[in-house]
Amino acid sequence: MITERTDVVIGLEVHVQLTTQSKLFCGCSTRYQDSEPNTHTCPICLGLPGSLPVINEMAVVYAERVAKALNCSVQRTQFYRKNYYYPDLPKGFQISQYDFPLGINGHMTVDSEGQERKIRIRRVHIEEDPGKLTYRGTIEKAQYSLIDYNRSGVPLLEVVTEPDLRTPKEARRFINKLRNILEYLDVFDGNLEGSLRVDANVSISGGKRAEVKNISSYKGVEKALLFEITRQRNLLRRGIHITQETRHFDEARGITISLRSKEQEHDYRYFPEPDLTQVDPEPLVKQFPQQVEIELPDAKRRRFVEKYRISDYLAKVLTASKPLADYYEMVAALVDPSVAASWVVDVLQGELNYRDLTLDAFSPEDLVDVITHVTDGTITEKVGVEVIRTVLDQSCSSGDIKVRVPSVGAIASVGKVEVIIDEQELHAVPTEQITTAVKQAIEENPQAVADYRSGKKGALNFLVGQVMKKTRGRADPTLTNRLIQEQL
Ligand SMILES: [Zn+2]
């Protein structure tokens with residue numbers, strides 16, 4: 001474990017799409033995800049001769065926000081041409097930043113085995129996204145590929161770390177935290193396909209490094225690094241030298257494949273972009289003051305503890321993603337905030353993760369309904385959990401529905417939760433009915449009664465269990481407990 005921590009060196013280059021309305025150097029819309037290929041294009045992002053780029057100032061403002069949040073110094077910046085030929089790059093060069101990135105010398109802390117580790121950020125810069133190539137088959141064997149220029153010119157932000165990360169898990173945590181900060185800053189939408197891509201540099205024992213390109217999912221980063229470290233260790237064990245090379249991560253197969261060696265590396269012939277002037281972020285930022293005050297995760301966590309009187313642990317979990325924090329605040333506005341916190345964290349999160357679903361699968365209104373029904377005693381807590389499960393099972397088994405689904409009209413008028421409770425007769429059992437069930441349980445189980453009287457603790461639980469069986473889990477456990485003790 002110790003050698004693993006000390007001899008592996010990982011550096012990350014994270015590319016994220018900024019959520020500006022238009023592209024980096026032209027007016028084309030960046031909302032191309034649902035559009036036909038090559039419909040969000042113009043002479044500028046198609047790189048036609050004679051077209052001239054104009055900087056999207058909002059992209060600079062967004063990048064400045066990120067650079068500041070990552071504790072970088074922000075400086076006057078210059079665009080460069082990075083020259084290479086590839087079909088997804090119609091100009092034959094990518095406009096990027098080279099010697100004068102917008103942000104430099106920052107850092108971010110990452111939780112690592114109970115310790116806070118400081119990961120240095122080398123640079124934060126802006127560049128344009130190339131078009132998208134779709135290979136027919138796998139990348140090494142494809143006979144041809146299709147090109148979509150809708151993505152060409154979308155503003156990308158690149159965050160480059162120093163080689164300070166030591167394990168794949170740490171790398172994953174870094175990415176998760178970065179994503180969280182970007183969402184908090186309102187400059188990034190992690191739900192958009194391909195909105196985050198990572199290149200990872202890995203080396204062992206000071207050997208030559210391999211660069212794994214274009215990892216496009218959060219889980220992929222950890223998997224690719226684990227594979228790459230094992231591959232390099234196996235080579236070293238057999239006495240084979242690691243060569244410096246660029247590799248591709250094949251997500252479906254979970255392996256990395258060599259794309260090119262150092263000898264084939266490009267010389268990008270960087271030079272300053274003559275069609276764009278230098279940009280000073282500071283005056284620009286003043287021109288576009290933020291509409292709302294941005295609250296970063298740590299500040300939100302402190303506010304949650306103070307305002308909602310919840311534990312620091314719950315506040316930490318709830319602020320680990322902005323959508324979750326927003327969700328919680330919607331629920332907490334309508335019911336007891338501390339009850340809301342435990343339903344969101346202890347129940348809903350677990351049920352969602354188990355089914356690989358996101359928060360969209362269960363609306364805050366529905367959760368408020370469940371909590372209200374439990375609080376006023378209409379249903380028991382156990383049934384509340386069941387209702388959540390029922391709704392989630394419906395959304396993950398579309399077409400193959402195992403549970404009874406309320407009719408659509410009913411949902412609109414009464415609310416999903418209400419309908420499920422009514423249709424499946426889940427209302428909490430009235431006290432008289434519980435009393436009857438308690439009497440029956442006592443009559444039917446003389447041994448348990450005798451055990452209870454001789455002081456055996458387990459006997460009471462057994463009797464409660466019998467009552468639950470008779471009432472299909474709809475009796476309130478605390479009340480049942482009390483009634484049994486009264487009867488005995
Ligand atoms: Zn365009």
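Analyst: Helices here are DSSP runs of H or I with at least four residues, and strands are E runs of at least two, both numbered from the N terminus. In this structure, helix 15 is followed by G455, whose phi is positive, near 95°. The model is predicted: local features need pLDDT of at least 70, side-chain atom pairs count only at pLDDT 80 or more, and totals for chains, interfaces and linings use all residues. Numbering starts from 1 along each chain as its sequence is written, and side-chain values use heavy atoms, without hydrogens and water.

User: Which residues of helix 15 are buried, and which are exposed?

Analyst: An α-helix has 3.6 residues a turn, so residues three or four places apart point the same way. In helix 15 (residues 446–453), A448, V449 and D451 are buried (under 20% relative accessible area; exposed is over 50%, partly exposed in between; 1.4 Å probe, protein chains only). They line one face of helix 15, because they fall within an arc of 160° seen down its axis, taken from the directions from the axis to the C-beta atoms. P446, Q447 and R453, on the other side, are exposed.

User: What covers the buried residues of helix 15?

Analyst: The cover includes helix 14 (431–444) and helix 16 (457–470), counting contacts as heavy atoms within 4.5 Å.

User: Which residues touch the most other members of the largest nonpolar core?

Analyst: A nonpolar core joins buried Ala, Val, Leu, Ile, Met, Phe, Trp, Tyr and Cys residues through side-chain atoms within 4.5 Å. Of its 56 residues, L12, V14, L70, L157 and F174 touch the most other members. Helix 2 (residues 57–69) gives the most to this core, with 7 residues. Apart from it lies another core, of 41 residues, including Y327 and V370.
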